[in-house]
Amino acid sequence: MTFNQLVCKNIFRNKRTYSAYFFSSSFSIMVFFMYALFAYHPAFSVDIIGGYVSLGLHFAEFIIYLFSIFFVLYSMGTFLKSRRKEFGILVINGMSHNQLRYLIFLENMIIGFFSIIFGVVGGLLIAKLLLLVGENTLGMKGQLSFYFPTKALILTFTAFLMLFFIISLFTTNFVKDHNLIELLKGDSKPKPEPKSSITLCIISLLLLGVSYVTALISKEVLVIVVMVPVTIAVIIGTYLFFSQLNVFVLHQLRKIEKFYKNNINLIVISNLIYKMRDNARLFFIITIVLTVTFCSIGTLVGICSMIAQTDKINENGINIVLFIGFFIGAVFFISAGSFVYFRIYSDLEDEIKQYQYLTKLGLTSEELSRIVTFQLAAIFFVPIIVATIHGIVALTALQHLFNFNLARESILVLSSFIIIQVIYFTIMRYRHLITIKQRVE
């Protein structure tokens with residue numbers, strides 16, 4: 001068997017291990033491709049508003065690509081960590097570190113290539129469906145017809161092949177910092193207890209607080225002036241909130257002995273401390289994605305309301321804006337959901353092992369359900385709560401910029417997404433509990 005055959009067999013033999021990384025990468029590519037497909041659509045460059053929509057979609061593409069870099073890196077890091085023991089066994093059986101690095105590079109490139117194919121095909125199918133829905137629901141027969149997106153295909157393949165190539169080169173260094181014993185231990189190595197910095201917690205609160213106040217008191221043109229520094233401050237403050245402040249608050253709760261030792265709180269708080277630290281980057285990405293979604297939809301709906309009142313543009317233009325608003329909301333929200341699913345799927349085996357031990361120590365089925373519910377609720381709702389606060393502040397600032405009341409639109413958008421998140425949480429909790437209990441009990 002040749003080395004390349006070993007790589008291919010290794011991928012097909014460990015389908016479950018590879019699937020989470022493959023599908024998360026495919027989804028990022030699908031989102032990017034769909035934005036490119038719509039950005040180059042002939043219907044969005046016909047008139048002035050169409051040109052602005054196309055420009056806005058290209059800007060959204062750039063943001064998606066940046067987040068794709070972080071998300072693919074995050075997914076790949078999780079994927080490689082789960083395979084440490086496997087790498088250690090390969091080294092014991094005579095594989096050199098150079099061969100191991102080449103193995104990781106080839107695997108990543110193969111997965112990356114097929115992720116692009118899968119993402120593009122999925123994007124084509126969903127885009128065709130969305131265009132069909134747009135034509136029928138908005139009364140735009142023949143105006144949102146499907147076209148062969150040559151430019152979007154070239155852009156997507158070029159951008160993501162380059163991304164996977166660069167990331168694959170960097171991740172080959174994964175084995176350099178790990179000796180054989182560390183590789184063989186895999187995930188069995190105890191994690192150090194997460195710690196937080198009081199200084200960074202204070203910086204987080206200051207950045208978010210000052211940003212909120214600045215955004216809320218700024219009027220008209222001043223909103224544009226402060227937009228960039230406020231956005232940067234909110235992004236940094238949000239990351240510190242999840243990586244430092246969350247852990248700090250949970251540590252403080254643990255110091256309240258009466259609360260901490262009450263019923264299942266000991267297990268829940270202890271688990272959450274590690275989950276908040278491990279998921280800090282994921283929570284950060286989800287929060288920013290949801291904030292962008294809220295702001296985009298709220299702004300577009302607001303613009304449509306202004307247009308409808310002033311009659312400064314034709315109905316076709318309004319329909320285009322509404323369609324793009326629907327598209328942005330659906331895609332971004334599904335993106336956030338896919339990130340959550342990836343995290344839950346990646347942690348499933350470790351959680352099952354933990355619950356098996358706890359069940360042997362006397363954990364009841366009811367207590368298990370409550371622990372799982374609390375932990376899932378944290379993953380689902382902490383990011384959306386923070387994103388909702390960000391969204392309210394941002395939409396208020398945009399209201400000051402446009403000098404137009406967006407309160408009704410903001411409430412409609414935010415409440416709609418929260419309801420969808422509750423439904424998604426209910427379904428995921430039900431499926432997650434069934435899977436865990438089948439393996440544990």
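Analyst: Thr-388 counts as buried, because its relative accessibility is 14%. Buried means under 20% relative accessible area, exposed means over 50%, and partly exposed lies in between, with a 1.4 Å probe and protein chains only. The model is predicted, so local features need pLDDT of at least 70 and side-chain atom pairs count only at pLDDT 80 or more, while totals for chains, interfaces and linings use all residues. Residues are numbered from 1 along each chain as its sequence is written, and side-chain values use heavy atoms, with hydrogens and water left out.

Thr-388 is placed in helix H14. Helices here are DSSP runs of H or I with at least four residues, strands are runs of E with at least two, and both are numbered from the N terminus. Not counting residues up to four places away in sequence, Thr-388 touches Phe-294, Leu-414 and Ile-418; a contact means heavy atoms within 4.5 Å.

Leu-290 has contacts with Phe-333, Ala-336, Pro-383, Ile-384 and Ala-387, leaving aside neighbours within four places in sequence. In soluble globular proteins, nonpolar side chains tend to be buried together.

Ile-288 belongs to helix H12. Ile-288 is counted as buried because its relative accessibility is 8%. When residues up to four places away in sequence are not counted, Ile-288 touches Phe-67 and Ile-235.

Rings of Phe, Tyr and Trp (its six-membered ring) pair if their centres lie within 6.5 Å; planes under 30 degrees apart count as stacked, over 60 as edge-to-face and the rest as tilted. The ring centres of Tyr-239 and Phe-284 are 5.5 Å apart and the planes stand at 90°, so this pair is edge-to-face. Tyr-239 is in helix H9 and Phe-284 is in helix H12 (residues 280–310), so the pair ties together parts that are 45 residues apart in sequence. Tyr-239 is partly exposed at 34% relative accessibility, whereas Phe-284 is buried with a relative accessible area of 15%.

Phe-380 and Tyr-424 also form an edge-to-face pair, with 5.3 Å from centre to centre and 65° between the planes. Phe-380 in helix H14 (residues 365–402) and Tyr-424 in helix H15 (residues 407–440) are 44 residues apart, and their pair links distant parts of the chain. Phe-380 is buried with a relative accessible area of 1%, while Tyr-424 is partly exposed with 23%. One aromatic cluster is formed by Phe-380, Phe-381, Tyr-424 and Phe-425.

The partner helix H9 (residues 221–255) has 35 residues and reaches 48 Å from its first C-alpha to its last, close to the 51 Å expected at 1.5 Å a residue. The expected span is 1.5 Å times one less than the number of residues in the helix. H9 bends by about 45° at Met-227, and the proline Pro-229 follows within four residues. The bend at a residue is the angle between axes fitted to the seven residues ending there and the seven starting there.

Among contacts between residues at least 6 apart in sequence, 86% join residues at least 24 apart.
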